[in-house]
Amino acid sequence: MKEKILVTGGTGYIGSHTVVELQNSGYEVVIIDNLSNSNADVVDNIEKVSGVRPIFEKLDCLDMEGLENLFRKHTDIKAIIHFAASKAVGESVEKPLLYYRNNLVSLINLLELMPKYGVKGMVFSSSCTVYGQPDELPVTENAPVKKAESPYGNTKQINEEIIRDTVASGAPIQAILLRYFNPIGAHPSTLLGELPNGVPQNLIPYLTQTAIGIREKLSVFGDDYDTPDGSCIRDFINVVDLAKAHVIAIERILWDKQKEPVEVFNIGTGKGLSVLELIHAFESATGVKLNYQIVGRRAGDIEKVWADPEYANNELGWKAGSTLEDTLKSAWNWQLKLCERGIQ
């Protein structure tokens, strides 16, 4: 067994897939999650997929005393992958204080405890939202960080600054900031996927719930953007491909391969796809017609953004390998499986 890794938000969408990839690579994993947007039975499914049951502790990263007790209990944690955060752009506009409290304080608590308990480094779940609307596309890691379009995006920017300032102060910590684009799809086993509590805030689960009849209609927010079909353009990346990037980043930290104490990588496919193109690709991949309507623009949305992943491809040896068709099929198969299990 390799080193022990703490994964915050590890029963969530990206977190659960990453735990599987870590365990497949021989790491021991401790998950903490407050289950605010996930379910504890995800741990059972992680075990079914990987053959290994991760350690799970129900814990909120805002609970400093609980975190301290966790590090006392698991004194051999070597690194952290920090996913735990509130993450919906629209909701952040409506509830900014919730986002600032959850997303900033959770990181601060972890950074305070890492040196005390000998934790070497952190892979931080950042986002392409830090670029705002880039001046040039595809966007590279050297593009300027712009004023955020939403409180969610602003928390990612501030968290990156907090990490940089903490490392610059002399704290014995290394960090890799993974700025990823739009994760979609599900594990090919259909045992893991995106399962939000309540009404989905992200596009694909709302899309698949509409396709299967749980939701009446999918809303496309705006068709008057400066794009070929008027809808927003994003870089959609398969969640398993994304999970694998975290394992490579952990290995880079643990085996002292970093060139700087804080490094940044874009994790995307390098291809921009509009929301309407994604809808048509889903219909083509699954044979299911989708009921959707065009509505007004949504506050906080960026017009168009997609990655230049060349630096991550060359420096990490990581590359997105899944096809869009397979990714959309996996999302649909996951939705079908949920309905088989009676989950709506």
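1. The crossing of helix α1 and helix α2 is right-handed, a crossing being called right-handed if the near helix is turned clockwise from the far one by less than a right angle, and left-handed if anticlockwise. The axes of α1 (residues 13-24) and α2 (residues 42-50) come within 10 Å and cross at roughly 35°, where axes are lines fitted to C-alpha atoms, for helices over the stretch in contact, and angles run from 0 to 180 degrees between N-to-C directions. Ser 16, Val 19, Val 20, Gln 23 and Asn 24 of α1 meet Val 42, Ile 46, Val 49 and Ser 50 of α2, contact meaning heavy atoms within 4.5 Å. Helices (H or I, at least four residues) and strands (E, at least two) are DSSP runs, numbered from the N terminus.

2. This is a predicted model, in which local features need pLDDT of at least 70 and side-chain atom pairs count only at pLDDT 80 or more, while totals for chains, interfaces and linings use all residues. Residues are numbered from 1 along each chain as its sequence is written, and side-chain values use heavy atoms, with hydrogens and water left out.

3. Strand β6 (residues 174-180) is largely enclosed by the rest of the structure, because seven of its seven residues are buried, that is, under 20% relative accessible area, with exposed meaning over 50% and partly exposed in between (1.4 Å probe, protein chains only). Gln 174, Ile 176, Leu 178 and Tyr 180 point one way from β6, and Ala 175, Leu 177 and Arg 179 point the other way.

4. On the pairing of β6, seven bridges join this strand to β5 (residues 121-127), and the two run parallel; strands pair if DSSP finds at least two bridges between them. Ile 176 in β6 is the bridge partner of Val 123. Strand β6 also pairs in the parallel sense with β11 (residues 262-267), over six bridges, and here Val 264 in β11 is the bridge partner of Leu 177.

5. In helix α3 (residues 64-73), the buried residues include Gly 66, Leu 67 and Phe 71, and the buried residues of this helix pack against β1 (4-8), β2 (28-33), β3 (55-58), β4 (77-82) and α5 (96-116). At the start of α3, a side-chain oxygen of Asp 63 reaches to within 3.3 Å of the backbone nitrogen of Glu 65.

6. Thr 227, in the loop between β8 (218-221) and β9 (233-234), is buried, with a relative accessible area of 12%. A polar atom of its side chain lies 2.7 Å from the backbone oxygen of Ser 231. Not counting residues up to four places away in sequence, Thr 227 touches Ile 233, Glu 303 and Lys 304.

7. Arg 298, by contrast, lies in the loop between β13 (292-295) and α10 (310-315) and is partly exposed, with a relative accessible area of 31%. Its side chain is joined to that of Asp 301 by a polar contact of 3.0 Å, a polar contact being a pair of N or O atoms within 3.5 Å; within protein, one must be able to donate a hydrogen and the other to accept it, and residues adjacent in sequence count only if both atoms are side-chain atoms.

8. Some backbone details deserve a check. Most residues other than glycine have a negative phi, and most peptide bonds are trans. The peptide bond from Leu 137 to Pro 138 is cis, with omega near -5°, and Leu 35, which is not a glycine, has a positive phi of about 60°.
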